[in-house]
Each structure stands twice: as C-alpha cells, then as structure tokens.
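Subject: Structure handover

Hello,

Please find the structure below. My notes on it follow.

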Amino acid sequence: MEVPQSEELINELVERVAGEVGVIVYSLRPQREFTDEEISQELGIEINEVRKALFSLYELGIAEYRRKRDEETGWMEYYWKINYNKEREVLLRELLKTKRKLQEKLEMEDSAVYYICINGCLKVKYETAMEMNFSCIRCGAPLDYLDSSKAKQKLIEEMGKIDEIIKNLRHERNN
Ligand SMILES: [Zn+2]
C-alpha cells in the first residue's frame, strides 16, 4: 500500500489548521526566533494573516511564542519559534484523534439500523422510521432501509490506512 510520507502529512495538517499562509510560514523553516512583523515583511503578507496562521500553529502545539514590550513604541511584540522536532508527535496525536473519530462512527453505524428518505431529507433509526410509518415527515416520500455495509467497509479501510501511516511514522522515528 502506498503510504504518504510524513512531510506530505505535516503539510496537509498545517494547511488544514493554519491555511495557505500557515504552509508558507511553516516551510520557511526559520531556525531562530522571529517576530510576525519580520515574516510579514519578508513574505509581503498582511501581518494579521501571519499572526493568525502562527496562532493556529500554536494551538496545534507546534509553535510557541513569548511576548515582549517594545521599548520605543510600547507595543507588545510576539517572538515566535516553530518546533520542527515536534512534527511527528503532533502528527501521531492527530492521526490517533482521526482514528478515534472513525471508530466512533463505525460504532454508531453498528449500534442501529437506519432508514433514509429517498429524497435525502433525513436519516433516522429504525424505531423512529416505524413511528413515521416509513414516510418522510418533511416531504412525504418513502423511507428506505439504509445498507451501511459499504460505508462501514470504507471506515474500516480508512482506519487500516491510518494504522499503516502510524506504523510508518513510528518506524521512521526509530531510524
Ligand atoms: Zn423526504
């Protein structure tokens, strides 16, 4: 199975939480502390955009900052640092989180039999469908039994893929 590499994964993650600006800032790989103003000037990107992206990286647990008052202007300045050595730890945490969500979805599918409106208005449990006399309360169309075996199969496949990725990441770490 083709498993994405950690670099690709971290870029995806950074893009998801911190957007395009996040990816740009992240890929600069600054090795020392920097202010959002410096980055903003260097890249020609609005300082608010840069700051927003950096705070998203902070929330992800991969960036940190300290504040210092500028003696001339009196403004608070943020000095940022990106911890590239935390990449893998953060990736693993996010992958496990995603896997847990998939697991929950799977359990939800397993715990009940569902019916859906043939027009797609709603999805209800069997008991509710029975109360509705198997016709949609929104549009009146019949409710149909939802065969979730394919959806479940897909969830299982996705979870397997995540396991593969995690295994690879752990392997990379040991090398
Ligand atoms: Zn309907």
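Phe-134 counts as partly exposed because 14 other C-beta atoms lie within 10 Å of its own. The cut-offs are these: a residue is buried with 20 or more other C-beta atoms within 10 Å, exposed with 12 or fewer, and partly exposed in between, with C-beta atoms placed from the backbone. This is a predicted model, in which local features need pLDDT of at least 70 and side-chain atom pairs count only at pLDDT 80 or more, while totals for chains, interfaces and linings use all residues. Residues are numbered from 1 along each chain as its sequence is written.

Phe-134 sits in the loop between helix 5 and strand 6, and its phi is positive, near 55 degrees, though the residue is not glycine. Asn-133 is in the loop between helix 5 and strand 6 as well; this non-glycine residue has a positive phi of about 55 degrees. Most residues other than glycine have a negative phi. Asn-133 counts as exposed because it has 9 C-beta neighbours inside 10 Å.

Ser-135 belongs to the loop between helix 5 (126-131) and strand 6 (143-145). Because it has 14 C-beta neighbours inside 10 Å, Ser-135 is partly exposed. Beyond its neighbours within four places in sequence, Ser-135 contacts Gly-140, Ala-141, Pro-142 and Leu-143 (contact: C-beta atoms, placed from the backbone, within 7 Å). Its C-alpha is 10.0 Å from that of Tyr-115, 20 residues away in sequence.

An open sheet of 3 strands has the order 5-4-6 and antiparallel pairing; strands pair if DSSP finds at least two bridges between them. From one strand to the next the twist averages 35 degrees, with axes fitted as lines to C-alpha atoms (for helices over the stretch in contact) and angles running from 0 to 180 degrees between N-to-C directions. Strand 4 (residues 114-117) and strand 6 run antiparallel and are joined by 3 bridges. Cys-117 has Leu-143 of strand 6 as its bridge partner.

Cores

The largest nonpolar core has 15 residues, and those with the most contacts inside it include Val-25, Val-50, Leu-54 and Ile-82. Such a core is a set of buried Ala, Val, Leu, Ile, Met, Phe, Trp, Tyr and Cys residues joined through C-beta atoms within 7 Å. At least two residues each come from helix 1 (6-27), helix 3 (47-60) and strand 3 (76-82), and helix 1 gives the most, with 6 residues. Leaving out residues up to four places away in sequence, Val-25 touches Ile-39, Val-50, Ala-53 and Leu-54. A second, separate core of 7 residues includes Val-124, Ala-129, Cys-136 and Leu-143.

Whole chain

The chain has 6 helices and 6 strands, in the order α-β-α-α-β-β-α-β-β-α-β-α from the N terminus. Helices (H or I, at least four residues) and strands (E, at least two) are DSSP runs, numbered from the N terminus. The domain assignment, which is automatic or from a database, gives domain 1 (6-82) and domain 2 (96-174). Their C-alpha centres lie 37 Å apart.

The C-alpha trace spans about 75 × 45 × 25 Å along its principal axes. Buried residues are 15% of the 175 residues.

Regards

How values were computed
Two residues are in contact if their C-beta atoms, placed from the backbone, lie within 7 Å.
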